[in-house]
Amino acid sequence: MKLFFISVFAFISICTSGQKKVNFSSQNYAGLLEGEHGSSLQLQTINGARFNSWFVGLGVGIDWYYRRSIPLFVSINRDFLKKEKRSFFLSGNAGINFPWQTDNYHNEWGYDEAKSYSGLYWSAGLGYKIGIGKDRDALLIQVGYDYKHVTEKVNLSYMIFNPETDPNDQFDYHLRRLSFKVGWSF
């Protein structure tokens with residue numbers, strides 16, 4: 001994973017060295033996730049550099065879908081079909097999904113202890129940007145597809161049926177969902 005972040009940093013450095021106009025930019029989103037396990041909310045902030053029609057940044061968020069988590073990711077956007085202050089953009093994010101551990105629900109199932117482990121996070125989307133005012137401020141609307149992976153290991157302290165079986169269980173959640181996000185860029 002270190003190699004991934006180093007290569008992204010090198011890409012940003014190479015791209016910005018030949019450009020005349022590199023600007024700091026921030027994208028902040030609130031969104032709705034819809035998948036097999038119902039609907040949920042997400043919040044994200046992505047901060048990075050904008051040059052020409054490219055945006056590259058690091059993002060972090062809170063994802064409440066099924067198992068609450070904190071995605072940390074690299075984001076790359078590319079604007080196309082620009083017309084005055086409006087344009088479409090393609091967005092891609094990839095990184096790590098860190099679980100937000102809560103122990104409350106485990107007591108209902110009789111688990112003695114539980115531990116969650118981080119996994120892969122990625123998303124892809126198509127968006128529309130509407131420039132507002134004379135500055136670089138813009139309203140962002142985006143639809144996309146998100147994926148997050150969470151592993152959970154639990155230990156059952158007592159065995160009812162067969163004492164020879166392993167009291168440990170592992171659950172792998174591969175959570176795929178559609179996303180709709182609205183945001184502000186500056």
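Reader: Phe 73: buried or exposed?
Author: Phe 73 is buried, at a relative accessible area of 0%. Buried means under 20%, exposed over 50%, and partly exposed in between, using a 1.4 Å probe and protein chains only.

Reader: What kind of model is this?
Author: This is a predicted model: local features need pLDDT of at least 70 and side-chain atom pairs count only at pLDDT 80 or more, while totals for chains, interfaces and linings use all residues. Residues are numbered from 1 along each chain as its sequence is written, and side-chain values use heavy atoms, leaving out hydrogens and water.

Reader: How many aromatic pairs does a search of the whole structure find?
Author: The search gives 7. Rings of Phe, Tyr and Trp (its six-membered ring) pair if their centres lie within 6.5 Å; planes under 30 degrees apart are stacked, over 60 edge-to-face, and the rest tilted. Phe 73 and Tyr 121 have ring centres 5.5 Å apart and planes at 40 degrees, so this pair is tilted.

Reader: Where do Phe 73 and Tyr 121 lie?
Author: Phe 73 is in strand β4 and Tyr 121 in strand β7, so the pair ties together parts 48 residues apart in sequence. Strands are DSSP runs of E with at least two residues, numbered from the N terminus. Tyr 121 is buried too, with a relative accessible area of 0%.

Reader: What about the rings of Trp 122 and Tyr 147?
Author: Their centres are 6.1 Å apart and their planes at 25 degrees, so that pair is stacked. Trp 122 is in strand β7 and Tyr 147 in strand β8, so parts 25 residues apart in sequence are tied together. Trp 122 counts as partly exposed at 33% relative accessibility, whereas Tyr 147 counts as buried at 9%.

Reader: Which residues form an aromatic cluster?
Author: Tyr 66, Phe 171 and Tyr 173 form one.

Reader: Switching to charges. How many salt bridges turn up?
Author: The whole-structure search finds 5. A salt bridge is a side-chain nitrogen of Lys or Arg within 4 Å of a carboxyl oxygen of Asp or Glu. One of them joins the side chains of Lys 148 and Asp 63, at 3.5 Å from N to O.

Reader: Why does Lys 148 with Asp 63 tie parts together?
Author: Lys 148 lies in strand β8 (residues 138-156) and Asp 63 in strand β3 (residues 54-63), so the pair spans 85 residues in sequence. Lys 148 is buried, at 0% relative accessible area, and Asp 63 is buried at 1%.

Reader: And what does Lys 129 do with Asp 79?
Author: Their side chains meet in a salt bridge, 2.8 Å from N to O. The pair links distant parts of the chain, with Lys 129 in strand β7 (residues 119-131) and Asp 79 in strand β4, 50 residues apart. Both Lys 129 and Asp 79 are buried. Arg 50, Asp 79 and Lys 129 are linked in a network of salt bridges.

Reader: Which ring does the charged end of Arg 68 sit over?
Author: The ring of Trp 100, at 4.2 Å from its centre. The criterion is CZ of Arg or NZ of Lys within 6 Å of the ring centre and within 35 degrees of the ring normal. Lys 153 lies over the face of Tyr 117, 5.2 Å from the ring centre.

Definitions and conventions
Helix = DSSP H or I, 4+ residues; strand = E, 2+ residues; numbered from the N terminus.
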